[in-house]
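Please find below my notes on the model, as numbered points.

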Amino acid sequence: MAIRSDPTKDVEDSNTPELDPAELVHEARKAIKRMRALARLLRDELGEQEFKRVNGSLRAAGQRLAGARDAEVRLATLHSLLERHPKALAREGIRRLQERLAADREQANEPSDHEQILVDIAKMRAQLARWNLADHNFSTLAPGLERIYREGRRRAKRVKRRQARDAQDLHDWRKRVKSLYYALDMLGAKKTKEARGPARRANRLGDLLGEDHDLWMLSLYVKEHRDAFAGEAAGERELLRRIERRRKRLRKRALKIGRRLYRRKPGSFTRRVGRSLPG
């Protein structure tokens with residue numbers, strides 16, 4: 001059975017001058033996540049030492065993009081809230097905060113960063129060639145898929161036990177949820193009847209947890225930059241209140257989807273996916 005997609009395909013044309021810097025960062029981060037999911041799938045075959053080396057290299061590449069990504073997302077998250085609550089958030093302090101976030105984004109998107117992204121992508125493509133992904137039987141990938149699912153299931157239980165109150169728990173859970181989605185996607189699960197549902201739920205759950213994390217990051221920024229409100233405490237309180245209300249809704253929906261996604265035991269889930277895949 002062949003891996004069905006190149007994890008770096010989203011940035012295949014990333015050296016075109018017309019590409020938006022924010023989009024380049026976004027696509028590069030997706031490619032890195034797919035590569036890390038692929039490394040987890042192949043963990044047993046790669047060996048622990050090689051896996052740790054590759055995973056560490058990919059983590060470092062992702063961290064180089066974190067500043068640009070975080071600045072972009074904080075601004076986009078505020079824009080989304082303003083669209084949802086145009087009247088309630090029509091305050092001078094929030095407008096000043098928006099201007100500061102826009103300035104942060106411009107500062108983070110420097111040309112030198114984009115050159116480094118292209119270097120990272122080239123290294124990832126070289127890594128793919130070393131792994132020789134032309135043909136893999138599901139039996140060689142099953143242990144990796146089962147491990148990814150088990151780790152996500154364990155983190156789901158932790159989130160539920162703590163009633164989804166800890167933002168770091170939710171963020172850690174999201175990492176394994178996205179790994180599961182990318183693994184299923186690369187295996188071609190979306191084309192099969194049995195595995196299409198889990199892939200769709202993993203994708204949706206990852207989006208919900210991602211939005212929750214983005215809102216949490218914005219709330220931290222607000223608390224750390226209260227001077228942007230210039231003493232307008234009412235605007236700050238209203239923004240934080242809207243953020244928390246949205247997060248509660250997202251967490252409730254995430255827990256519901258998570259219960260369905262992780263209702264099976266890891267071995268049972270893996271066998272079910274394996275039976276559904278062609279070849």
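1. Of the contacts in the protein with a separation of 6 or more, 82% join residues 24 or more positions apart. The model is a predicted one.

2. The protein has ten helices and zero strands, so the order of elements from the N terminus is α-α-α-α-α-α-α-α-α-α. Among its 279 residues, 50% count as buried. The accessible surface is about 14,300 Å², and carbon and sulfur atoms hold 46% of that.

3. The largest nonpolar core comprises 56 residues, and Leu97, Leu145, Trp173, Leu180, Leu205, Leu239 and Tyr262 have the most contacts inside it. At least two residues come from each of H1 (21-41), H3 (48-84), H4, H6 (138-161), H7 (167-186), H8, H9 (233-261) and H10 (266-276). H8 gives the most, with ten residues. Apart from this core lies another, of 16 residues, including Val25, Ile32, Leu58 and Leu65.

4. Leaving aside residues up to four places away in sequence, Tyr262 touches Tyr149, Gly152, Arg153, Ala156, Trp173, Arg176, Val177, Leu180 and Leu205.

5. How do H4 and H8 pack? Helix H4 (residues 92-108) meets helix H8 (residues 193-224) at an angle of about 110°, and the axes are 12 Å apart. Angles of 65 to 115 degrees count as roughly perpendicular, which means that H4 is roughly perpendicular to H8. On the H4 side the contact is made by Leu97, Arg100, Leu101 and Asp104, and on the H8 side by Leu218, Tyr221 and Val222. Five of the residues in this contact are nonpolar, none is polar and two are charged.

Definitions and conventions
Residues are numbered from 1 along each chain as its sequence is written. This is a predicted model: local features need pLDDT of at least 70, side-chain atom pairs count only at pLDDT 80 or more; totals for chains, interfaces and linings use all residues. Side-chain values use heavy atoms; hydrogens and water are left out. Axes are lines fitted to C-alpha atoms, for helices over the stretch in contact, and angles run from 0 to 180 degrees between N-to-C directions. Helices (H or I, at least four residues) and strands (E, at least two) are DSSP runs, numbered from the N terminus. Angles under 35 degrees count as roughly parallel, over 145 as roughly antiparallel, 65 to 115 as roughly perpendicular and the rest as oblique. Contact means heavy atoms within 4.5 Å. Ala, Val, Leu, Ile, Met, Phe, Trp, Tyr, Cys and Pro count as nonpolar, Asp, Glu, Lys and Arg as charged, and the others, Gly among them, as polar. Buried means under 20% relative accessible area, exposed over 50%, partly exposed in between (1.4 Å probe, protein chains only). Accessible areas come from the Shrake-Rupley method with a 1.4 Å probe; for residues, only the protein chains shown count as cover. A nonpolar core is a set of buried Ala, Val, Leu, Ile, Met, Phe, Trp, Tyr and Cys residues joined through side-chain atoms within 4.5 Å.
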